[in-house]
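Here are my notes on the two-chain model you sent. They are set out as numbered points, to be read next to the coordinates.

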Amino acid sequence: MRNTFSYAHQAQTSHFSPSSIRPSTSSSSGVAHSHRPVLERANSSISSTASTVPQLTPSLPLWTRSSDLYFTPPSISIPVLRSPRYAAPAQSEPEPISLVSYFNPEIAMPPVPSAELSEGESSIVKKVFVAPTQLATSQKESSRRKVVSSSLPLPLESASDLIHTRRALSNSSSSFLRSGSKFIGTQQSGRSTYEVHVELKHVDMTESFICGYLHIQGLTEDHPTLTTYFEGQMIGPKYSFITRRRDWGASEKTDIAHWARFPSWRPLAKQAKRPDYCHLDFEKRDHIFMRWKECFLVPDHRVRDINGASFAGFYYICFNQLSGSISGLYFHQSSEKYQQLELSHVGDHGNYYAYEFR
Amino acid sequence: MISEDDLLPFLRRDDLHVQLTALRALKNSVIGHSEQKSSYLDRGVVPDLLAIVGLSSDGVHDPLYDECRIEAGVVLGSFANSDPEISSRLITEQTFTTLVQILNVSTPPQLLLACLRTLTALLTAEASTSFVHQYPAIPTALATLMLHYSVSLESHGLTQQNTQILTRLCDLVPLVAPSHSFIHAFGLKLTPPLVKVVRCTILRSPRQPPVNRRLQSTAILALSHVLTPVGARELSLSAPEFTDALLALLRAPETATRLSSASLLTTLYTSGLSDSGSSSGVTRAPQNEALALVLVPTLMKLLDDSLAAGDDGRGCDPQILQTLAIVCREGGEVADRCVEVGLIKKIVSVVMLVAPNNHFSTGRMPERETRLLAGGLLCLAALGLHKEEYRKSIIEAGALGVVVAVMNRASTPAMREVKIAACHVLRTLSRSVLLLRTTIVESGVVGGVVDLLGDPVETPMDTTVDTAEPELLIADYADEKAFDIEDKTENLEVRAAAMAAVCNLVLEFSPLRKPILDKGILPLIVAGARSRYAPLRLNSVWALKHMVYGDDMETKAHVVSQLSFPLLMRLCDDEEIQVQEQALDFIRNLIARSENYIDMFLENVGVAQVFELLSRKLGLDEDPNNTEPYYTEVVVCTAYVLVHIAAGYERHREVVIQQEEILKKVIRLMSHERDEVRLACVWFVINLTWAEEAGRGPGPEDEDEAMSASGEIHFTECCRRRAEVLVGLGLREMLEVLKQDRVLDVREKTKTAVYQIENLLGDGNEDEAGLGMNIDVDGIN
């Protein structure tokens, strides 16, 4: 999203420098996020719904704070092992004894053939076993033995359902790129900097699809915060570096010019310009390139025009899978060139909510 | 000659000759004369006829007995094959009981044939979803009769009568158990005889007499109806010539033959194995998709032919749509191919043709059109499962209006399947954030779907948040019974389908979440979680899990106030594994990013019980006799419950580190084959060894201490001790391996974990360890 008023007159200079992957926190808008964003709590002020979320208080019925029910002071019960640095692990600890019996080549079974298991057969029980990849005894090699488990049987068919329910399992390649992930940072447009939050709502790697909300603050005076719903295409076998969307207004030339501003794209430049280039294994690479297109406003998708703001363009995105940071360049034919988006991941400590479309 | 008016008394005579004469006269007077039938029905002829049909000859082989029974059977058949007003008056328990009783090999073939004809007509007129449930003897009876009458099929062909009987038996199969919930037990009994009949009719040498085409296609359809996925796999693996013969039949001149063989082939090809690694959740042999592609032209041609017929597609065989639905539910190239040739528009045109055109029309839809509508909607639902493009096309074609109209229509038994199909369409279309936020929110579907969830229930617990005490949740629980024990399964099926749609509609980003919750459905969902009917239980727990997804603390508190922890624990050990998975995921969402809920969970359930449960769900038990199933998905959600507890306050970490059994298992699971499991294990370690910055503190009760420097050192010390415990259990070796993991994300998080451990234990210097906290660590920021 961009401000349609302020920057038309400004020189089209780029503030994008290859070395500044981190978002600039010293910008004029004084974005108030710390150098090191802490784990976002549900009731923290970052949450867009914070004002409507009542804090849990002791007046709530189920909640008492008598932690002594289970809290034992560590000085009493924690086994403190004063092992020297790099000490060999205690010999008695590593493997449960009887588990080892599973490694006996006489009784070990091959890795689970999922054919054994089938939908509608919940009565069939499956044995736990651990298939060895190597029958070694050393500590190091034993840690390489794979623990194997099987996939769940198909969900229960609701009766008379010719469509047995097929699951919409989402697969994620990254701790950062998953449904529910949040990012915080700025959009730099000319001399102004706006605070931006992004929340990913759905990530589907098999469809190279991503969508979420983009919140931008202070873009217009009438609307302190504007939120848009965006959809993203991940560049890979399904979507090419070349946009090929006349309605998005980007030509091949603008595509290349924008991608080329991402340092991590440059090694790909030569191949990526070829019309038949297919960006394979995109999810295994350090960087995932995307295009994000804002579709409508949230909460009311019917609002088409906001005075002083526009989301007619789209972002070229470079997502860093190692750090979770996102760099983006906004493109629209009639707006200032190379307005840049810099976001970093809001730490969640593996606090991943789970949802799965039914 | 007997006067017609006097026939009834003669039917009750003991003299068989008189009875027989009367029956023949009755037959001649009613066949083809609706007024006569109506008049006799008014005078109560049916019980008399049933009494004669059901006569047992008691070992006396008097041919007259049999003749009387046959004549009575024929008369009944004549009544059954009349106008709906007449045939519907035959539908009584007495009729069915009598008819089912005589389905045995000692019944004279002519009588059997007449009975089968009657049963078929009655069940076609008024589909009973639970017929097989009411008459559990019927599968065995049908199977025995099939074997009996197909004896000579292989060798020297069948008599015309035997062919007719076999055809009728096959006709009856889908009618007796139209609902797939009863197929399982039913299918096991009927599959072997049906396989035999089909095999005999499709694999014939030129020397054998030609087979009756109608018998062939009905037998094939019946088999495709009863075949379970397991049976289908066995069949397609064990007999390749079987599939070859069916493929050849795709080119047969008769429409019915082509359609039936396409149906059976569809069942054979789509019986995939579950596999969470694939996008649709199933794996199939790759050649199966290629084979399924062969079916697309056949099925599309059948559909096009019916659409081109004079009645705009009203005459379309519902079986075509049902088969297309099954083909499309697998997604992939097959669905793409169907969409390319315009399937969505064609289906929507059929659906709109037969759909009820306004919400208030109460007129009865013809049975055929009901099936057509249900089949069309299922087909759309199947396409909506997979691709966003399909969903958008379905909506653009105008299908959502039909869904809303169907849902708002009065509930009648005939509309049941249609409503279920409509729920599936709504469910699969709402697999899209965009559609939820745009078209679906405007469709006015909320009222309809909430109504299908059933009547409001009396909750056994106090529902108001302010007055309930923790003890209340546990009290009275033992007396609690499944609320729907009296409910018919078919009602529960509708409820389950509606609940499945609700799962998506109550997601955090759905604008329908609030309107739906405002309708007060939470008690209905909680009641669903107590249902005896597993699919409803599954969908209800799934919906609850979605309600506590995200940071909406108000809804979380509301849900927890209604769902008791004992119920939650029971669901974690549900006999259905999928329910367990959803219940564990519910806990995972409930306690995510909220120390308060971690406390609430631990206190209400008890620390020992919580960790006993989690340890059990992690598997890896040492007992070699353990035959508990071991599923990746369950391990993943259990591991994340642990990750979330370990992300809580300092005291939560301290509780976790005391669970040595769990720690050992987590470390062992770092060599799990699935990367999600390995990743969760690494997060667990990161959280247990993460030295917090000063500000966040270990918890409100220790706030003052947290602010002080000595407090900080204390917590660093705790972290170090936890790291030592983990290292003592063999963590370092596991992390060494994970540094080279094939998955980038696991490697990256392992670096963080290693970094933290080295900082804490690296050189044993406390101050150095403290410094580590200020260094940017990937993944934490």
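1. Chain B has a secondary structure of 46 helices and 2 strands; helices (H or I, at least four residues) and strands (E, at least two) are DSSP runs, numbered from the N terminus. Of its 781 residues, 63% are buried, where buried means under 20% relative accessible area, exposed over 50% and partly exposed in between (1.4 Å probe, protein chains only). The accessible surface of chain B is about 28300 Å², and carbon and sulfur atoms hold 53% of that. Accessible areas come from the Shrake-Rupley method with a 1.4 Å probe, and for residues only the protein chains shown count as cover. Among chain B contacts between residues at least 6 apart in sequence, 75% join residues at least 24 apart; contact means heavy atoms within 4.5 Å.

2. On provenance: this is a predicted model, in which local features need pLDDT of at least 70 and side-chain atom pairs count only at pLDDT 80 or more, while totals for chains, interfaces and linings use all residues. Residues are numbered from 1 along each chain as its sequence is written, chains are lettered from A and ligands numbered from 1 in the order in which they are written, and side-chain values use heavy atoms, with hydrogens and water left out.

3. Chain A has 5 helices and 10 strands. Buried residues are 56% of its 358 residues. Its accessible surface is about 15800 Å², with 54% belonging to carbon and sulfur atoms. Of the chain A contacts with a separation of 6 or more, 61% are between residues 24 or more positions apart.

4. In chain A, A:S327 sits in strand β9 (residues 326-331). Is this serine buried or exposed? A:S327 is buried, because its relative accessible area is 6%. Its side chain makes a polar contact of 3.2 Å with that of A:E342. A polar contact is a pair of N or O atoms within 3.5 Å; within protein, one must be able to donate a hydrogen and the other to accept it, and residues adjacent in sequence count only if both atoms are side-chain atoms. Leaving out residues up to four places away in sequence, A:S327 touches A:F262, A:Y316, A:I317, A:C318, A:L341 and A:E342.

5. B:I347 belongs to helix α21 (residues 343-354) of chain B. This isoleucine counts as buried because its relative accessibility is 0%. Beyond four places in sequence, B:I347 touches B:L321, B:G376, B:C379 and B:L380. Its C-alpha atom is 8.1 Å from that of B:L377, 30 residues apart along the chain.

6. Helix α26 (residues 433-442) of chain B is mostly covered, with 7 of its 10 residues buried. Among them are B:V433, B:R437 and B:I440. B:S432 caps the N-terminal end of α26(B), with a side-chain oxygen 3.3 Å from the backbone nitrogen of B:L434. Just after the helix, B:G444 has a positive phi of about 70°.

7. Helix α34 (residues 565-572) of chain B is also mostly covered: 6 of its 8 residues are buried. These are B:F565, B:L567, B:L568, B:M569, B:L571 and B:C572. The cover includes α33 (553-562) and α35 (577-591) of chain B.

8. Which residues of α34(B) meet α35(B)? They are B:F565, B:L568, B:M569, B:L571 and B:C572, and their partners in α35(B) include B:V579, B:A583 and B:I587.
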